[in-house]
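Here is a protein chain to walk through step by step. Please look at it as a whole before turning to the details.

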Amino acid sequence: MTPSPTTTISSLSRTRTERRPKTRFTRGSALLHEDVVTPVHHHDEAQDAMLVEVDGTSRTMSGCEADSYVTQRYDLPELTEVEHVDGGPRFVKRRHVLAGAAAGFGALLTATSMPRYAFAAPAAGRPQGLLVCVFMRGGFDGLSAVVPVNDPAYYAARKTIAVPAGRTLPLDGTWGLSTHMRALKPLWDAGELAIIQGVGSPEVSRSHFADQVTVERAAPASVRSGWLGRYLQAASADTGTFRGVSVGSSTVLSLTTKALETVAVSSIDAFDLTVWGSERLRSHVRTAIDEMYRGAGGEVQMTASATMDAAEQLQQVRASQPRAGSGYPTSTWGKGLAEIARMAKSGAGIEVACIDIGDWDMHAGLGAASDEQAWFARRARDFAEGLAAFRQDLGGMWDSTTVVTMSEFGRRVAENGGGGVDHGQGNTMFVMGGTVRGGRVLGTVPSLEAANLSLGDVPITLDYRQALSEIVSARLGGGADLGAVFPGFTPGKPLGIV
């Protein structure tokens with residue numbers, strides 16, 4: 001049972017002379033050591049894991065394994081180490097605040113577990129606007145979405161699941177957009193949607209976990225941060241409100257960085273202080289915590305204030321913005337996009353948002369294009385209709401918004417015996433927004449004859465970081481140090497996306 005605010009405050013206030021035997025928190029302790037542990041998101045939340053630095057190398061562990069490793073090798077936060085004196089507590093470290101949230105102590109608990117915030121104002125002269133990264137977890141099948149309608153090898157390889165030309169919307173004479181994604185066609189016609197083919201990571205392994213880590217890091221394995229986290233760091237000054245948000249239950253690897261923190265919000269309406277009782281009691285708790293941490297200074301003061309300020313800011317968002325614009329799908333994906341639009345329109349200062357749309361791992365039962373209720377058909381409609389509603393909801397803000405999609409890998413060219421497609425390599429990216437030079441299919445994919453394939457897969461003819469680097473460069477300005485955002489990558493010939 002979560003202790004009452006009064007009990008919590010007295011526990012945190014216990015002096016060193018009165019302290020009880022140390023209480024060691026095992027569950028969640030790995031998250032308190034961000035210097036050696038990085039949480040990694042998986043398209044199946046049951047397979048979420050941790051990257052743990054062990055003797056100079058990164059090892060993959062489950063949450064329990066990481067907790068055990070940290071518990072055995074590192075000192076854990078002890079709430080009773082905190083001494084409360086006039087002017088604020090002493091001996092307080094940032095991990096004490098995080099431990100309180102993880103263990104259920106304190107009114108710092110919110111509906112989102114382990115909230116993370118990005119504190120940084122835009123650096124002077126930086127272009128403003130919203131960058132949305134959509135991760136299509138599970139391995140998106142680009143060939144079922146954007147179809148090579150003139151390639152006989154495609155139809156020969158997919159006897160039952162190939163998309164007939166008659167069930168596509170013509171794009172450029174070579175490619176057709178699946179009618180299940182028809183909601184995106186107006187963006188294409190308006191020149192606000194570009195499609196990139198043959199993209200992927202040169203380090204592709206066909207492992208969900210390994211490749212998700214690779215593409216979200218977008219840097220050598222020794223780099224312990226994500227590309228969007230480094231982008232925010234490059235684009236930010238030292239102070240300001242939170243600017244990066246991950247919609248869902250955890251912060252995605254793309255947004256991680258030691259320099260800034262980012263928030264994970266599953267629902268604006270649910271994100272608030274968890275306090276039993278009236279609004280008056282909530283106010284008293286806020287005052288008590290302010291007094292408790294005001295004198296601590298440094299990171300601990302910032303973390304405590306951050307949690308409170310963010311809760312209050314989102315309270316203002318709730319008051320100023322309706323729950324959602326019209327037209328969104330009722331799915332988790334649709335609701336998540338509506339939350340992003342709601343925050344963006346509120347003026348809360350959101351610059352980067354990450355959102356997942358999963359369930360693309362279609363090894364069997366992908367479904368015929370003629371079946372409106374088939375697996376791929378339903379996911380494709382959800383994806384396209386959500387983004388179309390998002391564009392409509394943002395209104396004039398769409399002019400300064402860029403949406404880019406990613407996936408860990410594509411699918412194989414040939415369908416398997418179960419009417420699905422297995423893990424592959426080259427894939428499709430969508431880039432859309434008011435500043436996108438759209439209405440074009442970019443990248444190169446040869447005829448899908450066996451001799452042209454890479455071990456039976458669509459060959460990777462373009463490093464996915466080329467597209468990301470152009471988006472980042474446009475946002476940071478022509479003099480941007482792309483090497484800081486994409487270390488180890490040298491951009492090639494520009495695609496001219498934005």
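This is a predicted model: local features need pLDDT of at least 70, side-chain atom pairs count only at pLDDT 80 or more; totals for chains, interfaces and linings use all residues.

Residues are numbered from 1 along each chain as its sequence is written, and side-chain values use heavy atoms, with hydrogens and water left out.

Start with the overall build. The protein chain has 14 helices and 17 strands. Both are DSSP runs numbered from the N terminus: helices are H or I with at least four residues, strands are E with at least two. Of the 498 residues, 57% are buried. Buried means under 20% relative accessible area, with exposed over 50% and partly exposed in between (1.4 Å probe, protein chains only). The chain exposes about 19,900 Å², and carbon and sulfur atoms supply 50% of that area. These areas come from the Shrake-Rupley method with a 1.4 Å probe; for residues, only the protein chains shown count as cover.

Now the contacts, meaning heavy atoms within 4.5 Å. Take those with a separation of 6 or more: 74% of them join residues 24 or more positions apart.

Next comes a helix pair. Helix α8 (residues 227-235) packs with helix α13 (residues 464-476) at about 15°, and their axes are 11 Å apart. The axes are lines fitted to C-alpha atoms over the stretch in contact, and angles run from 0 to 180 degrees between N-to-C directions. So α8 is roughly parallel to α13, a label for angles under 35 degrees. From α8, Trp-227, Tyr-231, Ala-234 and Ala-235 make the contact; from α13, Leu-468, Val-472, Arg-475 and Leu-476 do. These residues divide into 7 nonpolar, no polar and 1 charged. Here Ala, Val, Leu, Ile, Met, Phe, Trp, Tyr, Cys and Pro count as nonpolar, Asp, Glu, Lys and Arg as charged, and the others, Gly among them, as polar.

Move on to the loops. Ser-254 is in the loop between β11 (244-247) and β12 (263-265). Ser-254 is buried, at 1% relative accessibility. Setting aside neighbours within four places in sequence, Ser-254 contacts residues including Trp-227, Glu-216 and Cys-354. Trp-227 also belongs to the α8 side of the helix contact.

Which loop holds Gly-424? Gly-424 lies between β14 (401-406) and β15 (427-433). Its relative accessible area is 0%, so Gly-424 is buried. Not counting residues up to four places away in sequence, Gly-424 touches Val-204, Arg-206, Phe-409, Gly-410, Arg-411, Arg-412 and Asp-457.

Note on methods: Angles under 35 degrees count as roughly parallel, over 145 as roughly antiparallel, 65 to 115 as roughly perpendicular and the rest as oblique.
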